Amino acid sequence: MTESAPCSNPWLQWQRAALDESFAALGRMSNFPTLWERAKQVRKGVSPSEVVYEEDRLKLLHYRSDSKSRFKTPLVFIYALVNRPYILDLKKGRSVVANFVNQGFDTYLVDWGVPTPADRHLTLDDYINGYMANVMDYLSERTGAKSLNVLGYCMGGTMSTMFTALHPERVKNLILLAAPIDFASNDGLLNLWTRPENFDVDKFVDTFGNCPPEFLQSTFLLLRPVGNFIEKPINFYENMHDEKFLEDFLTTESWLNDNIAVPGEVYRQFVKYLYQQNLLTQNRMPVGKRIVNLQNIICPVLNIMAGKDDLVPCSQGMPFTDLVGSKDRKTILLDGSGHIGLAIGGRAQKEVWPQACEWLAKRSD
């Protein structure tokens, strides 16, 4: 018995294709009525934790483990002031935090909280020599460790770099994750948009006070307009029937849209001193009454970057290892990954974080 030949009638082929697509569309749309409720139920952080320290809006989370820590030196995560820090503990199997907890590190994370209009006058000095120093003091008292392991992500990595340079005796090992350090290049659109001739940061902060989250969100979306406004909706529509895709999509999008304001003076200093004047790489960055000198960083450093990072191009992070005084320096570059992919991407979980945990384990007591 021979197989029937495919239909050669174009009209019948079109009808069959249209019918198949109609059934596929019905399958996709069947999940649509539940999307809003499912989005509201997305968990914000999955690893068991408890708040062990609070100051103003800041909360320090300690991640619990069923087994005793293998290392005496605590590890503290420092995230940016822009988004919520639970991107580092987004979901099971996609958690940077869980990688370190499972390897026996006594792990903590700083949640900066949501600034109010009264916080518009807070400066980098308040955060670095104030809040961060107080967290380190608390952890030293809690654990007995004189110095700590620090992992800073994005803007949090820049702040961690400044803290380490100003307080080198307080940091045993420093890990940077997609952290902007050198702002001289024009590889990133943010660098171009924030140039003095394009952006009057003084007038902006004087007008708005805190930098509005809506402004930040729209800026990030415009870094990849085709991807965010065309490709992403099409990909979502085509995969609405896939439960695993929906779970990953809603979890990630819930975090992406969970923006918070940045204190006005911090935003002013970050734009003016870094994006516009690039003072950090010149060892001229003022933080309070002190100047940051990157040569003061002498602890082991691990610099992790993504090859397709639109927010923090490699040209902003790569120079870091040549600017510090450390002799123990290592760089990990994940080609093909983006800024968020370094934290939650499948490749990062397999290729980056086991390597980072091993690096830190060899240098921790």
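**Salt bridges and a helix pair**

Modeller: The side chains of Glu265 and Arg268 meet in a salt bridge, at 2.9 Å from N to O, where a salt bridge is a side-chain nitrogen of Lys or Arg within 4 Å of a carboxyl oxygen of Asp or Glu. This is a predicted model, in which local features need pLDDT of at least 70 and side-chain atom pairs count only at pLDDT 80 or more, while totals for chains, interfaces and linings use all residues. Residues are numbered from 1 along each chain as its sequence is written, and side-chain values use heavy atoms, with hydrogens and water left out.

Colleague: In which helix do Glu265 and Arg268 lie?

Modeller: The two residues are three apart, about one turn of the helix, and both Glu265 and Arg268 are buried (buried means under 20% relative accessible area, exposed over 50%, partly exposed in between, with a 1.4 Å probe and protein chains only). Glu265 and Arg268 also belong to a network of salt bridges that includes Asp202, Asp206 and Lys272. Helices (H or I, at least four residues) and strands (E, at least two) are DSSP runs numbered from the N terminus, and the helix holding Glu265 and Arg268 is α11, residues 264-276.

Colleague: How many residues apart in sequence are the parts that Arg57 and Asp119 tie together?

Modeller: The closest N and O atoms of Arg57 and Asp119 are 2.7 Å apart in their salt bridge. Arg57 is partly exposed at 34% relative accessibility, whereas Asp119 is buried at 7%. Arg57 lies in the loop between β1 (49-55) and β2 (58-63) and Asp119 in the loop between β4 (107-111) and α4, so the parts tied together are 62 residues apart.

Colleague: Which strand holds Lys172, the partner of Asp365?

Modeller: Asp365 and Lys172 form a salt bridge with closest N and O atoms 3.4 Å apart. Asp365 is partly exposed at 48% relative accessible area, and Lys172 is partly exposed at 23%. Asp365 sits in the segment after α16 (353-362), 193 residues from Lys172, whose strand is β6, residues 171-177.

Colleague: How are α4 and α5 oriented to each other?

Modeller: The axes of α4 (residues 124-143) and α5 (residues 155-166) come within 10 Å and cross at roughly 70°; axes are lines fitted to C-alpha atoms, for helices over the stretch in contact, with angles running from 0 to 180 degrees between N-to-C directions. Angles under 35 degrees count as roughly parallel, over 145 as roughly antiparallel, 65 to 115 as roughly perpendicular and the rest as oblique. The orientation of α4 and α5 is therefore roughly perpendicular.
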